[in-house]
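Here is a short report on one protein chain. Look at the sequence and the 3D view before reading on.

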Amino acid sequence: MTAVFWFRRDLRLGDNPALLAACVCGPVLPLFVLDPALWGPAGPSRRAYLAASLRALDASLRADGGRLAVVSGDPVRRVVEAARGVGATEVHVAADHGPYGARRDREVEAALAEAGVALVRTGSAYAVSPGRVRKADGSAYQVFTPFSRAWAEHGWRGPVEAPSGVDWRHLAEGTADLPRPRLPGGLELPAAGEDAARRRWSDFLDTGVAGYDELRDRPDLPATSRMSHHLKWGEIHPRTLLADLAPLHSVGARTYRTELAWREFYADVLDRRPDTARDYLRPEYARMPYDEPDERFEAWCDGRTGFPVVDAAMRQLRASGWMHNRMRMVVASFLVKDLHVEWQHGARHFLHWLVDGDLASNNHGWQWTAGCGTDAAPFFRVFNPTAQGRRFDPDGAYVRRWVPELADPERIPDAHDPSAEARHRVGYPLAILDHGVERREALQRWETIRR
């Protein structure tokens, strides 16, 4: 029998149980579908990184005697055509639990069934697939901490080896060239692909994980793993990371496992409540008065708010397709509670520019900061951007790196709160608002939904 393996968010050969399941059948066609429904809305960062990751995957396949078949168009039609093109009896995938992906797969499954082909799901992008961690009564966890305990108790399988000796097949016609999107000037992305993911993870295990708990909130230091984009595209599986962390007993390793659990918790919540990809988990917050995005929102997007740590974070996003997690919380609080703009506007901006733009983690992270999500930070917890900068970027190194106007310590002694005179001298804008005033305004608006 011949099988199709349809790559999606699992762009790797190693530790890929769904791929191994396809290889059991016999010859395998490795397939990727450029889906306009996903490619169209993607920003330049995600498009360019995905293209680079596909090229890395294709190189790995060619080294093993195969090559990636890339087709473009409606996945329902193109997957059926690919299966027919190689006489496949099965199409293998890792299950997709996102709102769009799950719906798409049901449609593909129905179309394949009409053609006499089975869609076979094996595993997912998570160590524990969404929907598997449940309370004793079968209901879902609403709060992270009990979920994380049950998640750890549930456990997960160990990694599997990459397939070997595969008879790779290719489509005779209808394939497309791998895309090569252009990046906007000044945007540089990290290296893509399974090998890059393995190297990055190895470096973090050697030099970063032991101090992760203590230093992970410092954006001025290279203290985080920077694995989020590799996990987003499945260039490495979280099960691999967990297996490598298992023998480590440092606080840093335990904290990192907790961060992986957060990723799985948000995926579980979105699987259970797909409406929360766009709507409020706590609907009462939709009734709170908000402002429409205006020129101040544009200043936030461009890193021109006059609050140095906010501007540094937003410029980091535009320059690298990534932002430090502590800074994600700071700029999200600024948008929702200083500018009084609904979280969805910020979430969309992030998804446009982030390489690691994961719908569940991104949008539920935004809801956490906005006070309307799971385990949400209380709405009255309004981050003071200047205080956050001083606390987590004590020497101003992060601000000076990403806001070149403030880079010279002789001209700008205080990177976190430069004087009006200093701002004028270096061309850095005055603050677009008074944080104290807007904090009081945010709390007054919050009171309107508490009555």
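## The model and its salt bridges

This is a predicted model. A search of the whole structure turns up 25 salt bridges.

Start with Arg-62 and Asp-58. Their side chains form a salt bridge, with 2.7 Å from N to O. Both residues belong to helix H3, which covers residues 44-63. They sit four residues apart, about one turn of the helix.

Are the two partners buried or exposed? Arg-62 is partly exposed, at 49% relative accessible area. Asp-58 has a relative accessibility of 9%. The cut-off for buried is under 20%, so Asp-58 counts as buried.

## A pair across the chain

Next come Asp-268 and Arg-134. Their side chains meet in a salt bridge at 3.1 Å, N to O. This pair links distant parts of the chain, 134 residues apart. Asp-268 is in helix H11 (residues 251-272). Arg-134 is in the loop between strand S5 (118-124) and helix H6 (144-154).

Asp-268 is buried, with a relative accessible area of 1%. Arg-134 reaches 25% relative accessibility and counts as partly exposed.

## Another pair and a network

Arg-273 and Asp-275 also join their side chains in a salt bridge, at 2.8 Å from N to O. Arg-273 is partly exposed, with 25% relative accessibility. Asp-275 is partly exposed too, with a relative accessible area of 33%.

Salt bridges can also share partners. Here they connect Arg-8, Asp-96, Arg-104 and Asp-105 into one network.

## The largest nonpolar core

In soluble globular proteins, nonpolar side chains tend to be buried together. In this model, the largest nonpolar core has 49 residues. Which of them touch the most other members? They are Tyr-285, Trp-300, Val-310, Phe-350 and Trp-366.

Several helices each supply at least two residues of this core, including H12 (295-302), H13 (308-320), H15 (343-353), H16 (359-370) and H20 (435-447). The largest share comes from H14, with seven residues.

Look closely at Trp-366. Leave out residues up to four places away in sequence. Trp-366 then touches Trp-300, Ala-332, Leu-335, Val-336, Trp-343, Gly-346, Ala-347 and Phe-350.

Another core lies apart from the largest one. It has 34 residues, among them Phe-144, Ala-150, Leu-245 and Phe-383.

Methods:
Residues are numbered from 1 along each chain as its sequence is written. This is a predicted model: local features need pLDDT of at least 70, side-chain atom pairs count only at pLDDT 80 or more; totals for chains, interfaces and linings use all residues. Side-chain values use heavy atoms; hydrogens and water are left out. A salt bridge is a side-chain nitrogen of Lys or Arg within 4 Å of a carboxyl oxygen of Asp or Glu. Buried means under 20% relative accessible area, exposed over 50%, partly exposed in between (1.4 Å probe, protein chains only). A nonpolar core is a set of buried Ala, Val, Leu, Ile, Met, Phe, Trp, Tyr and Cys residues joined through side-chain atoms within 4.5 Å. Contact means heavy atoms within 4.5 Å.
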